[in-house]
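Thanks for sending this one over.

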Amino acid sequence: MADRIAARQSALVAAPSVSIGGFPFLWNAASGTYPEVEVDGRARTEDGLPVTASVDLHDVSATAGGYSAAGARAEFKVPLDALGAKRGPGVRLSGHDGRLEITRSVMGVPLVVTAALTLTGDTVTLEPTAASLAGRPLDPANPQIVAALKAAERKIPALPLGLVPSGISVDSGAVTVHGEAKDVRLPGLPGEA
């Protein structure tokens with residue numbers, strides 16, 4: 001299973017780990033069906049961001065051409081420090097109460113903007129909810145703040161296995177893109193009969 005996934009995902013930086021759930025295992029293996037298969041891996045986006053992926057495949061069964069799963073759910077985590085580094089020197093990102101906090105120095109004074117992340121289709125948008133300059137409150141609807149966050153919108157690259165983005169969340173260390181898919185196919189490897 002790990003070989004099938006690794007052969008189709010060029011962004012992986014190492015072979016994924018795969019764990020197969022279900023009891024009794026030997027019965028499942030003999031019948032070629034598994035209630036749950038968990039896949040964990042590390043990858044890099046095209047622009048070099050590190051991603052930790054966790055995919056849960058449900059009702060996996062062997063087919064003539066490989067494997068199929070009735071459904072899949074996934075989480076793709078990108079560290080906030082890596083995202084901040086992509087925004088430029090002096091930008092620090094942190095997560096608080098499910099929101100993204102962006103800190104940047106403006107003429108030696110800290111500007112802090114808090115934003116809610118939303119997912120519209122496959123695009124991540126940021127909506128300002130609070131702002132301060134040198135600890136003094138600013139109107140988060142300030143046109144410059146809104147324009148800066150609009151410029152930071154990002155389209156999520158195509159997810160593996162036919163997964164479709166279904167949500168986004170942020171915690172103290174990472175932004176997580178959630179994905180779902182139905183009728184997932186893992187074709188056989190080249191040269192397999």
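1. A word on the basis. This is a predicted model, in which local features need pLDDT of at least 70, side-chain atom pairs count only at pLDDT 80 or more, and totals for chains, interfaces and linings use all residues. Residues are numbered from 1 along each chain as its sequence is written, and side-chain values use heavy atoms, with hydrogens and water left out.

2. The core. The largest nonpolar core has 41 residues (buried Ala, Val, Leu, Ile, Met, Phe, Trp, Tyr and Cys joined through side-chain atoms within 4.5 Å; buried is under 20% relative accessible area, 1.4 Å probe, protein chains only). Leu-57, Leu-100, Leu-117 and Leu-126 have the most contacts inside this core. Strand S4 (residues 66-79) gives the most to the core, with 6 residues; strands here are DSSP runs of E, at least two residues, numbered from the N terminus.

3. Leu-126. Leaving aside residues up to four places away in sequence, Leu-126 touches Leu-100, Ile-102 and Leu-117, among others (contact means heavy atoms within 4.5 Å).

4. S7 with S8. Strand S7 (residues 109-120) pairs with S8 (residues 123-133) in the antiparallel sense over 10 bridges; pairing requires at least two DSSP bridges. Thr-120 stands opposite Thr-123. The two strands form a hairpin with 2 residues between them, and Gly-121 in the turn has a positive phi of about 65°.

5. S8 with S9. S8 also pairs with S9 (residues 136-138), antiparallel, over 3 bridges, with Ala-131 opposite Leu-138. In this hairpin's turn, Ala-134 has a positive phi of about 55°.

Technical notes
Buried < 20%, exposed > 50% of the residue type's maximum accessible area, 1.4 Å probe, protein only. Helix = DSSP H or I, 4+ residues; strand = E, 2+ residues; numbered from the N terminus.
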